[in-house]
Amino acid sequence: MQTPAPLTERFTSPSFKSSFANALPGYLPTQRWFTSKGKKIDECHVERVLRVTDAAALLVVRVDFADGSTEMYQMPVAQLTTTHDQMQYTKAHPGLVMLQVPGGPFLVDAVPTAAFRAAIYEMIRSEAVTNQGLRCDAGKLLRTAPATAPSVVPAIDTSNTAIVYNDQFFFKLFRKLDKGLNPDLELVRYLSERADFQHCPPYGGSIGIGQMHDADYLNLGMMSGKVDNDGDAWEYFQGLTERYYTHGGTVDRETLDRAELLGKRTAEMHLKLARGADAGAMLTPEAMSPDYRTEITAAARKLLNRQMGELADKLPGLTPEQRSLAKKVLGLKDQLDDKLQRLATKPMDLDLIRIHGDYHLGQVLVTAHDFYIIDFEGEPLLSIPERRRKRPALKDVAGMVRSFHYAARGQLLLNPKYSDDQKAAHAARGERWFKEVSEAYLAAYFAECGLASFLPKNEEDRSLLLDLFILEKAIYEVAYELNSRPEWLSIPLSGVLGVAE
Ligand SMILES: Nc1ncnc2c1ncn2[C@@H]1O[C@H](COP(=O)(O)OP(=O)(O)O)[C@@H](O)[C@H]1O
Ligand SMILES: O=P(O)(O)O[C@H]1O[C@H](CO)[C@@H](O[C@H]2O[C@H](CO)[C@@H](O)[C@H](O)[C@H]2O)[C@H](O)[C@H]1O
């Protein structure tokens with residue numbers, strides 16, 4: 001039997017490349033990781049084909065949308081050349097076949113193929129550098145790991161693609177690509193290799209195109225230590241709120257202890273991030289300037305204006321309960337605007353540091369007695385340079401406070417077991433839960449931080465800044481829910497009202 005042509009070689013044929021690219025507008029919107037499902041794709045272009053094995057490659061694909069915008073995605077692709085392999089794959093993964101060349105190979109997502117996964121592991125572990133520009137880096141963890149490792153594709157909900165090696169290492173293959181150093185890689189590498197932070201997964205290694213410090217570096221994947229967990233903190237706190245509503249009584253000790261522990265871990269993360277001076281300019285804390293204060297106030301006010309406009313436009317489509325809350329929020333617009341403006345005229349002495357940037361209960365893994373903070377990618381809608389900006393640490397803290405509010409309200413709103421009467425009866429208890437739990441979280445956070453340079457020195461300034469970020473996040477969430485989960489909308493609306501009171 002003739003040896004099949006290597007996949008990279010096939011892509012040198014313009015007609016092969018364009019038949020593949022032409023198949024993508026139909027394929028991409030069916031994939032969980034494809035972000036812009038609502039936008040019309042004009043054309044796709046295969047920009048890079050990077051060899052992994054003879055049968056598999058990592059592709060960088062540019063997607064041009066009809067509205068003029070573009071996005072870049074990573075597609076790991078394998079070719080299947082025997083009828084046996086083609087039939088087996090198609091049966092097991094019918095939704096992952098991209099192209100069937102008549103009488104020729106099938107092009108499929110490479111992740112389900114063990115040989116591709118094994119090659120990725122070996123490349124990272126051996127810090128491979130290929131003549132096409134792929135560069136791998138191994139962290140302390142992987143340097144002493146076995147030369148080969150069996151792997152599985154875990155069935156978890158993720159916006160990228162995950163591979164678990166040897167039940168020991170968790171590999172995240174980034175799908176949507178942005179130029180520049182991905183903060184997940186940058187911060188996890190720093191926190192575990194340089195700052196000895198014990199509460200994020202340890203850095204294992206990475207694979208990318210170019211050098212990490214290049215402005216156009218493309219990070220394709222990151223390996224970290226696998227954390228054996230009991231789910232994320234969102235699910236965990238949903239269990240606790242369900243118990244609280246079902247059994248009555250006060251907020252239980254387990255809940256308060258866990259909220260305190262999370263406050264402590266959040267503070268430890270910030271204290272480690274604030275020590276970044278030895279890791280270069282991108283991690284060195286810097287004083288918050290008056291210009292920065294003016295800038296973030298202006299950004300928050302702009303967000304308020306835009307979102308209030310959108311909320312007003314969408315009033316007719318809301319349920320009567322949502323509409324009445326939304327009208328109250330709209331009526332407070334000027335008051336909210338004043339609240340945001342107060343920061344612009346209030347000098348404050350604190351350092352900006354690198355932060356998590358997208359901090360909520362869903363970004364924390366729960367173990368029997370502790371928490372692990374994951375997903376340092378930052379706010380997904382921002383560019384990489386924006387995500388890598390230094391910010392006040394209280395922005396993360398505000399994200400978690402908002403998440404506790406979601407936990408209290410979400411349980412009542414989304415669990416079908418509560419009747420409308422029960423929901424109404426529990427509403428005040430829900431507020432009490434939120435207040436006590438967030439106070440426990442904040443007290444532990446501030447106690448652990450002590451006189452950290454990234455916090456305002458006095459309590460009044462701390463509240464002012466924290467309130468600004470809580471309000472900003474709640475406004476952001478109004479937009480997020482309006483566009484993604486309208487049935488959740490009353491949670492951030494009541495969050496905005498809570499800050500205004
Ligand atoms: N190091 C890890 N160990 C174990 N599971 C992990 C690890 N990192 C991520 N996960 C799992 O993957 C899920 C998604 O992780 P996340 O970093 O948020 O990826 P994404 O940004 O792709 O959604 C988590 O909720 C968790 O279940
Ligand atoms: O995790 P992502 O970066 O995708 O963040 C987006 O989706 C989050 C929901 O998954 C959303 O978070 C909001 O809902 C959470 C409960 O599902 C809650 O814990 C958060 O506090 C709340 O903000 C997040 O805002 C959005 O950016």
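Q: Which helix gives the most residues to the lining of the second largest pocket, and how many does that helix supply?
A: In this predicted model, local features need pLDDT of at least 70, side-chain atom pairs count only at pLDDT 80 or more, totals for chains, interfaces and linings use all residues, and side-chain values use heavy atoms, with hydrogens and water left out. A pocket is an open set of points on a 1 Å grid over the protein atoms alone, where a 1.4 Å probe fits, with protein on both sides within 12 Å along at least five of seven lines, and lining residues have an atom within 4 Å of a point. Helices (DSSP runs of H or I, at least four residues) and strands (runs of E, at least two) are numbered from the N terminus, and α13 (394-414), α14 (420-449), α15 (459-484) and α16 (490-500) each supply at least two lining residues. The greatest contribution comes from α14, with eight residues.

Q: What is the volume of the second largest pocket?
A: Grid points are joined across faces, edges and corners, and a volume is the space filled by probe spheres set on the points. For the second largest pocket, this space is about 670 Å³.

Q: Which residues lie closest to the centre of the second largest pocket?
A: The lining of the second largest pocket comprises 24 residues. Residues are numbered from 1 along each chain as its sequence is written, and chains are lettered from A and ligands numbered from 1 in the order in which they are written. The closest to the centre are Val401, Phe434, Ser438, Asp467 and Ile470.

Q: How many charged residues does the lining of the second largest pocket have?
A: Ala, Val, Leu, Ile, Met, Phe, Trp, Tyr, Cys and Pro count as nonpolar, Asp, Glu, Lys and Arg as charged, and the others, Gly among them, as polar. By these classes the lining has nine nonpolar and six polar residues, and the number of charged residues is nine.

Q: How many of the twelve residues of α6 are buried?
A: Buried means under 20% relative accessible area, exposed over 50%, and partly exposed in between (1.4 Å probe, protein chains only). The buried residues of α6 include Pro183, Leu187 and Tyr190, and what covers them includes β9, β11 and α8 (253-273). The helix is mostly covered, and its count of buried residues is nine.

Q: Which residue makes a polar contact with the side chain of asparagine 166 through its own side chain?
A: Asparagine 166 is in the loop between β8 (161-165) and β9 (169-173) and touches Pro146, Ala149 and Pro150, not counting residues up to four places away in sequence; contact means heavy atoms within 4.5 Å. A polar contact is a pair of N or O atoms within 3.5 Å; within protein, one must be able to donate a hydrogen and the other to accept it, and residues adjacent in sequence count only if both atoms are side-chain atoms. The side-chain partner, at 2.9 Å, is glutamine 168.

Q: Is arginine 265 buried or exposed?
A: Arginine 265 has its place in helix α8. This residue touches Phe197, His199, Asp370 and Ile373, not counting residues up to four places away in sequence. Its relative accessible area is 10%, so arginine 265 is buried.

Q: Why does threonine 250 count as exposed?
A: Threonine 250 is found in the loop between α7 (233-247) and α8. The residue is exposed because its relative accessible area is 66%.
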